[in-house]
Amino acid sequence: MSRANLDSLRITNQDLDELTGLDISDLSMGWGTRLSVFQQPRRLWVWLINQGLVLTVALVLWLPMCLVLGRNLATPSLSLVVGVLGAIATTIAQSLYGFYKGQQLKILSHLLDEVDRFNEMVKAVEILEELRQSDLTSKRLALEHPEAVKEALHLTRESLVCGLASDKIMRKHQRFIARRHELFASIETNLSSLHALQASELAGDYAQLLNEALHVGTTVHQALRQIMPPD
Amino acid sequence: MKHFAVLIQLLRDRKQFLEDIRRDIKLERKIFSLLVVSCIFFAVYGAIIGSSSSWLQMMASAIKLPALYLLTLGICLPTLYFFDILFGSKLNFRQYSAMLTTIVAVISVLVFSFDPVVLFYIFSILGYYFFLLLNVAVMGLTGIIGVRLFYQGMRQVVGPDAAGSRLRNRLLLGWLGLYALVGSQLGWTLRPFFGAPNEPFQVFRPEIEGNFYAQIMTSLASLLGF
């Protein structure tokens, strides 16, 4: 397995942006905050630093503006308090909005976590491969079935890409899918009801794809554990 | 969040950065990152010029200088956006915001690059008027370069074949004049940034009359001994 092959397997940030139609980073997906931020201490720290920066920018904008507007007031300290409170309120509102949008994109957040795990797995295989090449005489570090591993990684990648693409479609037609019950009621009379059925089917497929993605991911993980040396 | 990486991307490959703005790619992140780094750079410069007077002035200037540039941007942005779309622009508000944050970020980097020079003059010369004019010259020069780059960038993002491009070019030039006027007057409103000698610390000067240009003339006259 060459390094180039493994690199082509990795799901890059650019791929994620294209597949999801959102700006994806370690902390955010579009305007939404990724749920893993609150589960991983390292990401939580980065998020807190980021919110500190939001507060700084808000203070820079709020404080002088309030002080200038309130310079003729009898109590200038009131302007100071309003400026600081305004900046804090802006930061809290931004955080809450990110959290709210993150809740709406729960499935995507889970899929992105799976993508992170997949990329870590590719990295692990890459490191094993590099170690093996540095010590060609030792068989201890070699993968027993490199082709099978590659195939498993490839399948996982396909499943994840499929899951992300399906999620994008579902989000795009969210309103339409939300109205499906109403459309089912008039299925005999309305042609658009047929489309609703298709959307419902799509939702089923999507769930199945997700299950497949999870199943393949688990299988790959187990396979990797088997082929990894015990120490 | 890699805020400084976004700035480096802008400085190293401005053409690609502008292309990203034209294609509306990841603009929220770019805008926020550029705002953050601009705030930091302006705050450092503000702290340095304020340090020539007192600790309190240093802290006040570290907040007021970024505010000066960002509030000017906020005040002038709607004028540019609405006038431009009225005359056929296809860009959205986010793209205009990104373009304006690039101008502020570029100015902040240029101003930041003058920090060692300004620090050197703080330690070597104690003349208040000279220091004042030196900083006005630094801010004026960096402003002109930033505005020039913005003008070129806008033309690249909008494209030469855009509808009503001649008229919009003139509008853009007019807007740049407005930006300079608003910026200088806001600077006057938010003063002092340096803290005049023999005067107690004040967050803002109580008297609001007068203007930035009259003060420059007074400082020049004082420096030349008139």
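**Exercise 1. Describe how helix H3 and helix H6 of chain B pack.**

Solution. 
Step 1: geometry. Helix H3 (residues 27-50) and helix H6 (residues 115-124) of chain B have axes that come within 10 Å and cross at roughly 10 degrees. Axes are lines fitted to C-alpha atoms, for helices over the stretch in contact, and angles run from 0 to 180 degrees between N-to-C directions. Helices (H or I, at least four residues) and strands (E, at least two) are DSSP runs, numbered from the N terminus.
Step 2: class of angle. H3(B) is therefore roughly parallel to H6(B). Angles under 35 degrees count as roughly parallel, over 145 as roughly antiparallel, 65 to 115 as roughly perpendicular and the rest as oblique.
Step 3: residues. H3(B) contributes B:Val44, B:Tyr45, B:Ile48 and B:Ile49, while H6(B) contributes B:Asp115, B:Val118, B:Leu119 and B:Ile122. Contact means heavy atoms within 4.5 Å.
Step 4: The contact of H3(B) with H6(B) has seven nonpolar, no polar and one charged residues. Here Ala, Val, Leu, Ile, Met, Phe, Trp, Tyr, Cys and Pro count as nonpolar, Asp, Glu, Lys and Arg as charged, and the others, Gly among them, as polar.

Conventions. This is a predicted model, in which local features need pLDDT of at least 70 and side-chain atom pairs count only at pLDDT 80 or more, while totals for chains, interfaces and linings use all residues. Residues are numbered from 1 along each chain as its sequence is written, chains are lettered from A and ligands numbered from 1 in the order in which they are written, and side-chain values use heavy atoms, with hydrogens and water left out.

**Exercise 2. Which residues line the largest cavity?**

Solution. 
Step 1: count and volume. The structure holds one cavity of 30 Å³ or more. The largest cavity has a volume of about 80 Å³. On a 1 Å grid over the protein atoms alone, a cavity is a set of points where a 1.4 Å probe fits but cannot get out; lining residues have an atom within 4 Å of a point.
Step 2: lining. The residues are B:Leu10, B:Arg14, B:Leu18, B:Met99, B:Thr102, B:Ile103, B:Val106, B:Gly146, B:Leu149, B:Phe150 and B:Gly153.
Step 3: elements. Helix H2 (14-22), helix H5 (93-113) and helix H7 (128-158) of chain B each give two or more residues to the lining.
Step 4: The lining divides into seven nonpolar, three polar and one charged.

**Exercise 3. Is A:Arg157 buried or exposed?**

Solution. 
Step 1: place. A:Arg157 lies in helix H6 (residues 146-172) of chain A.
Step 2: accessibility. A:Arg157 is buried, with a relative accessible area of 16%. Buried means under 20% relative accessible area, exposed over 50%, partly exposed in between (1.4 Å probe, protein chains only).
Step 3: surroundings. Leaving aside neighbours within four places in sequence, A:Arg157 is in contact with A:Ser8, A:Leu9, A:Arg10, A:Ile11, A:Asp15 and A:Phe118.
Step 4: chain context. Chain A has nine helices and two strands. Buried residues make up 37% of its 231 residues.

Terms used: 1 Å grid on protein atoms, 1.4 Å probe; cavity = no way out; pocket = protein on both sides within 12 Å on 5 of 7 lines; lining within 4 Å. Points joined across faces, edges and corners; volume = space filled by probe spheres on them.
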